[in-house]
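Here are a few notes to read alongside the model. Take them one point at a time and keep the 3D view open.

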Amino acid sequence: MPSGSPSPRAWQRMLSGRRLDLLDPSPLDVEISDIAHGLARVARWNGQTTGAHAFSVAQHSLVVEQIFLKLRPAASANECLIALLHDAPEYVIGDMISPFKAIVGGDYKKVEQRLEEAVHLRFSLPPSIPKTLKAQIKRADRISAFFEAVALAGFSETEAAKLFGRPRGITRDMVSLEPLPATKVQRAFVRRFEEIEACRGLSAKRA
């Protein structure tokens with residue numbers, strides 16, 4: 001970059017009015033309304049899915065949290081919120097498909113990790129996720145990916161099983177994968193967030 005040239009912009013303005021710095025994201029600039037709005041408009045599978053609407057990251061997040069609860073019925077409200085927000089950084093950086101993540105490498109992961117930590121701190125969650133919990137959420141994520149791949153993205157069951165593993169304990173009829181309009185998914189995401197927050201508040205009062 002020539003001497004004296006301005007530094008490239010590394011922040012994004014949100015509809016809430018917040019300005020989120022991707023290089024040094026502050027929890028104070030994270031709002032659930034921005035997360036829900038953004039994730040409801042980010043398409044999974046680069047938009048290569050069937051249906052009148054894109055299957056959004058917000059809808060995927062709802063499905064993953066639903067599967068997580070089926071796998072771990074005794075999960076705490078904090079754990080459920082971590083599951084719901086497992087892809088929250090994508091409201092800023094989008095849903096980069098796995099093959100492209102492999103090409104881009106470590107820098108993408110660093111940005112994603114910083115954003116995840118800011119989101120967690122904003123909602124009073126641990127900045128880093130315990131390995132066991134992370135593995136359980138990842139299992140729910142892969143189960144959702146398997147069903148999405150077969151039902152929406154044109155994969156055969158054999159192909160999806162090679163990439164994501166064949167689900168155990170969860171069947172297709174347990175989850176809803178009909179792609180929904182962005183505004184409807186956005187409201188559902190916020191509603192589920194508020195339900196979990198209410199449970200967290202009750203747990204705090206009992207403690």
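1. Why does glutamine 59 count as buried? Glutamine 59 counts as buried because its relative accessibility is 4% (buried means under 20% relative accessible area, exposed over 50%, partly exposed in between, with a 1.4 Å probe and protein chains only).

2. A quick word on the ground rules. This is a predicted model, where local features need pLDDT of at least 70, side-chain atom pairs count only at pLDDT 80 or more, and totals for chains, interfaces and linings use all residues. Residues are numbered from 1 along each chain as its sequence is written, and side-chain values use heavy atoms, with hydrogens and water left out.

3. Back to glutamine 59: you'll find it in helix 2, residues 57-71 (helices are DSSP runs of H or I, at least four residues, numbered from the N terminus). Setting aside neighbours within four places in sequence, glutamine 59 is in contact with Ser176, Leu177, Glu178, Pro179, Leu180 and Val185 (contact means heavy atoms within 4.5 Å).

4. Now look at arginine 44, in the loop between helix 1 and helix 2. Arginine 44 counts as buried because its relative accessibility is 10%. Beyond its neighbours within four places in sequence, arginine 44 has contacts that include Asp87, Asp95 and Glu148.

5. Last, the largest nonpolar core: it has 57 residues, and Val30 is among those with the most contacts inside it (such a core is a set of buried Ala, Val, Leu, Ile, Met, Phe, Trp, Tyr and Cys residues joined through side-chain atoms within 4.5 Å). Helix 7 gives the most to this core, with eight residues.

Technical notes: Helix = DSSP H or I, 4+ residues; strand = E, 2+ residues; numbered from the N terminus.
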